[in-house]
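Hi,

Here is the structure I promised to pass on.

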Amino acid sequence: MISSRERVAIALEHEEPDRVPLDLGGSPTTGMHVSTVYALRQALKLDPPGTPVKVIEPFQMLGEIAPDLQEALGVDVVELCSRTNFFGFKNEDWKPWRLFDGTPVLVPGKFNTQPSKDGSILMYPCGDTSASPCARMPKGGFYFDALDRQQRPIDWKNLDVKDNLEEFGPISVEELNFFRREAERLYFETDKAIFANFGGTSFGDIALVPGMNLRQPRGIRGVKEWYMCHVRRPDFILEVFEAQCEIALENLEKIYNAVGNRVTAVFVTGTDFGTQREPAMSITTYRKLYKPFHKRVNDWIHENTSWKTFIHSCGSVEPLIPEFIDAGFDVLNPVQTSAANMDPRMLKRKYGDRITFWGGGVDTQRTLPFGTPDQVRREVQERIRIFAPGGGFVFNTIHNVQPRIPIENVLAMYRAVRDFGKYPIKKK
């Protein structure tokens, strides 16, 4: 019997392992909301009632996929990421907290929130409540929305590239030692594929632009202003990306020296290039502003490591997929088949031998939250039949599993992966 690590590696080489590999919790875009993790653990009788679950990514409020849950579901991937989260504080010193719906959770010690008059909850960068808030969870909500952090008027005539590079810099010795220890632990204590997210290579990711981890961010930190610069000041965007890329490549060399080839895949970018109906930018704009830096990072990784490179981009991105492939990406996620022009059969036929589809396993906008268990099961079976032949497929939902999903549907999904994911994949 092959190991989980071997199973994922085989699939990434576009060959068929014994079964379709399964990811849950390997990255910040392939996880599960903490309330659903809690409900799933209760349904599987892994915990006594009321046992809290750790929030390991507090921006999206993703729950920890602990080893016992991994084994119960047959998960093949484990995450290697920084201890410092989107809000700039470390995941440590856990303390109890409750969601609006009453779900008991554990949050990091510097998860310091304050209520607003409207009943929403404000989050603060680095846990510092003396700074201006960086994110807001609406009353009754389940995760945080980034706040516009354009704290001062922009002096368009005197833009300073350094202001939009404040969050990037040389990796610390402490962080390198952490990555080294964790990579060794995960490699030798598990048989799972290590999916790494080292940070620093996601150019223009709008989740990062506001600087939620900075007490007083400078530069262009408003979403509208940032995207306007793509048209009105593309040279400024290029300067920011050029400097960020130089820092990233220097850091990647140090990281590789620390972790070696224990990593199977690496999260390069989470920038979204699609809307529900079409790409968010033209092919020309992608080629000019983003592709050169994607290619430099991917080329370095492929020339110096055995890692496979991963791009996350939501939405209708089919016209950009050839560009992603040419830029050197090995893996596409989340494969949003609910968006326009993202038919799974077409995607597999046109691109299935050149890029691995990591996602697309079930529609998280309609089927998983609103379908019946039978409908979930049938859709999972159908997606496996489409994406799995010839390898190049890792099962995951389309983006993270959201809150308020009927637990019967979640169970039906994982049972279907188990029942229909064995090679050779049976045809109808």
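Helices (H or I, at least four residues) and strands (E, at least two) are DSSP runs, numbered from the N terminus.

Two notes on the source. This is a predicted model, in which local features need pLDDT of at least 70 and side-chain atom pairs count only at pLDDT 80 or more, while totals for chains, interfaces and linings use all residues. Residues are numbered from 1 along each chain as its sequence is written, and side-chain values use heavy atoms, with hydrogens and water left out.

Now the sheet. Phe 310 stands opposite Val 331 in S13. The two strands there, S12 (residues 308–312) and S13 (residues 331–333), run parallel and are joined by 3 bridges. They belong to an open sheet of 7 strands with parallel pairing, in the order S3-S10-S11-S12-S13-S14-S15. At its edges sit S3 (77–81) and S15 (393–394), each pairing on one side only. Helix H4 (residues 173–189) packs on the sheet and touches S3 and S10 (193–197); contact means heavy atoms within 4.5 Å. The direction of H4 makes about 170 degrees with that of S3 (axes are lines fitted to C-alpha atoms, for helices over the stretch in contact, and angles run from 0 to 180 degrees between N-to-C directions).

As for the whole chain, it has 12 helices and 15 strands. Buried residues make up 57% of the 428 (buried is under 20% relative accessible area, exposed over 50%, partly exposed in between, with a 1.4 Å probe and protein chains only). The C-alpha trace spans about 65 × 50 × 40 Å along its principal axes.

Two residues are worth a click:

- Asn 164 is in the loop between strand S9 (145–146) and H4. Asn 164 is buried, at 5% relative accessible area. A polar atom of its side chain lies 2.9 Å from the backbone nitrogen of Ile 220. Beyond four places away in sequence, Asn 164 touches residues including Gly 219, Trp 226 and Phe 236.
- Glu 379 lies in helix H11 (residues 373–387) and is buried too, at 18%. Its side chain makes a polar contact of 2.8 Å with that of Thr 367 (a pair of N or O atoms within 3.5 Å; within protein, one must be able to donate a hydrogen and the other to accept it, and residues adjacent in sequence count only if both atoms are side-chain atoms).

Cheers

Methods: Pairing = 2+ DSSP bridges.
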